[in-house]
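Trainee: I have a chain open and want to learn how to read it. Where do I start?

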Amino acid sequence: MALNTAPLDNPFYYLENFRQVLAWIALRHDDLLDAAERRFISEFAEAPVRAQGLLVRMVMRKGVLFRASKLSYVEIGDPLEAVQPLLDRGWVVTSPPLGLSELFQLLRRDELTQCFKAHAVKGPERKQAWLERLQPLYEAPQALEQWHPTLSDAVFGLNIMPLCDRLRLLYFGNLYQEWSEFVLADLGIYRYEKVEFSVQSRVINQRADIDVCLQLHACREALEACIDLHALAEQVIAVQCGNAWLHMRRAKLLFRIGQQAERLQDWPLAMAVYRQSSYPGARSRQIRVLERNAEYTAA
């Protein structure tokens, strides 16, 4: 679907894009939506425009925690007023408990100095080093007003990001494209060909496909974070999918895990995942692993 993007002189151009996306999903994917997703699409249309705009602004940004003072948009006005309908619907919460690392992400260095006068930063100490020094001393999460009683600000926590991620998946067919692409399209930075998609052209055809997509995406992120490769391989191998498109994405992920195992010279793991992968090149990599492991007869 090509978005009929609103002109940039419309301050709610991003909201118009989001509304079009919801309408398109409701039209093309209604049979895949659960009750919570249908309710969100319906209730979003009934919310005040400023509340809609504030929610979309948060959804389009990174993370799920936002300072009210950083949500300053002319068309929305006072975020403390605009957020009220979102609080009533449970889509956003105020004063969520903040762990120390979350607090360090939200506050400036001078604001943190006011919080931790007894454990102030030491000279040229970097913010990350300061955080690591304080973590054993402050393990319990607290609301912002407990961390910094004199700070005149509020923190909003976005409760519906998982739901919005599922909607983004249904629209884009993946989770690596972000909502911000709409803005880049409006600015002319991204240009997309107009293509009509029929219901028959969908790559996600049943609810279980959504769950598999989310599983594979989480595993890809875990691979990039270099967590326990053996546990990750077991998790991906256990993913069951009857969808041919998802099966190939699973195969590609296994191939990438095999490549990482090769870099670590973990030949048994590399061989195990390559054997489970139908991705092009997996068979030749098996031969390569056997050779590197001096198993020339098997190769």
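Mentor: Start with burial. Buried means under 20% relative accessible area, exposed over 50%, partly exposed in between (1.4 Å probe, protein chains only). Here buried residues make up 44% of the 299 residues in the chain. This is a predicted model: local features need pLDDT of at least 70, side-chain atom pairs count only at pLDDT 80 or more, and totals for chains, interfaces and linings use all residues. Residues are numbered from 1 along each chain as its sequence is written, and side-chain values use heavy atoms, with hydrogens and water left out.

Trainee: Which residues touch the most other members of the largest nonpolar core?

Mentor: First, the general idea. In soluble globular proteins, nonpolar side chains tend to be buried together. A nonpolar core is a set of buried Ala, Val, Leu, Ile, Met, Phe, Trp, Tyr and Cys residues joined through side-chain atoms within 4.5 Å. The largest one here has 72 residues, and Phe40 and Leu55 touch the most other members. Apart from it lies another core, of 16 residues, including Leu100 and Leu151.

Trainee: What does phenylalanine 40 touch?

Mentor: Contact means heavy atoms within 4.5 Å. Leaving out residues up to four places away in sequence, phenylalanine 40 touches Phe18, Leu22, Leu55, Trp91, Ile160, Leu163, Cys164 and Leu167.

Trainee: Is glutamate 125 buried or exposed?

Mentor: Glutamate 125 counts as buried because its relative accessibility is 14%. Its touching residues are Arg109, Trp130 and Arg133, not counting residues up to four places away in sequence.
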